[in-house]
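Please keep the sequence and the structure at hand while reading.

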Amino acid sequence: MLKGIHHVALICSDYLASKHFYTDILGLSVIAENYREARKSYKCDLALPDGGQLELFSFPGAPARPSRPEAQGLRHLAFRVDDIDEVIAHLTANKVECEPIRVDEYTGKRFTFFADPDGLPLELYEM
């Protein structure tokens, strides 16, 4: 019935900072970018290499995301990578801090966490 994830929508506090992070640092390309005057809001569709998308929204006055302790709802967003060390080096060179690498106790795969400009937890999962 379900074929996969089409998109994940993110609401950011600083549109330009988040757009820079997801395009210039993480390397996603812009599919479409629109400013919606009635909402005083941007909507930017970003392409993921597997055909999925991230939708980046800016809504004035949006409340901050609940964080620690972990709130109910979306826990984090995970990205598949081929070489976790290479991606961590790239992020570090762009002043993005990553947690120490961990190993998934069930799959033996390596992973780490980092955050976007709003503190949204993001994961790198080495395939």
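Across which strands does helix α2 (residues 84–93) lie? In this predicted model, helix α2 lies across β5, β7 (110–115) and β8, and its direction makes an angle of about 20 degrees with β7.

## The sheet

Strands of a sheet pair through backbone hydrogen bonds, and the pairing can be parallel or antiparallel. Here four strands form an open sheet in the order β5-β8-β7-β6, and the pairing is mixed. The edges of this sheet are β5 (77–81) and β6 (102–103), each of which pairs on one side only.

Strand β5 runs parallel to β8 (residues 121–126), and five bridges join the two.

Which residues of α2 are buried? They are Ile84, Ile88 and Leu91, and, seen down the axis of α2, the buried residues fall within an arc of 65 degrees, so they line one face of the helix. These buried residues pack against α1 (15–25) as well as against β5, β7 and β8.

The face of α2 that is turned away from the buried side carries Glu86 and Ala93, which are exposed.

## The two ends of the helix

At the start of α2, a side-chain oxygen of Asp83 comes to within 3.1 Å of the backbone nitrogen of Asp85. Just after α2, Lys95 takes a positive phi of about 60 degrees.

Technical notes: Residues numbered from 1 in each chain as written. Predicted model: local features only at pLDDT ≥ 70, side-chain atom pairs only at ≥ 80, totals over all residues. Heavy atoms only, no water. Pairing = 2+ DSSP bridges. Contact = heavy atoms within 4.5 Å. Axes fitted to C-alpha atoms, helices over the stretch in contact; angles between N-to-C directions. Buried < 20%, exposed > 50% of the residue type's maximum accessible area, 1.4 Å probe, protein only. Arc of directions from axis to C-beta. Polar contact = N/O pair within 3.5 Å; in protein donor to acceptor, adjacent residues only side chain to side chain.
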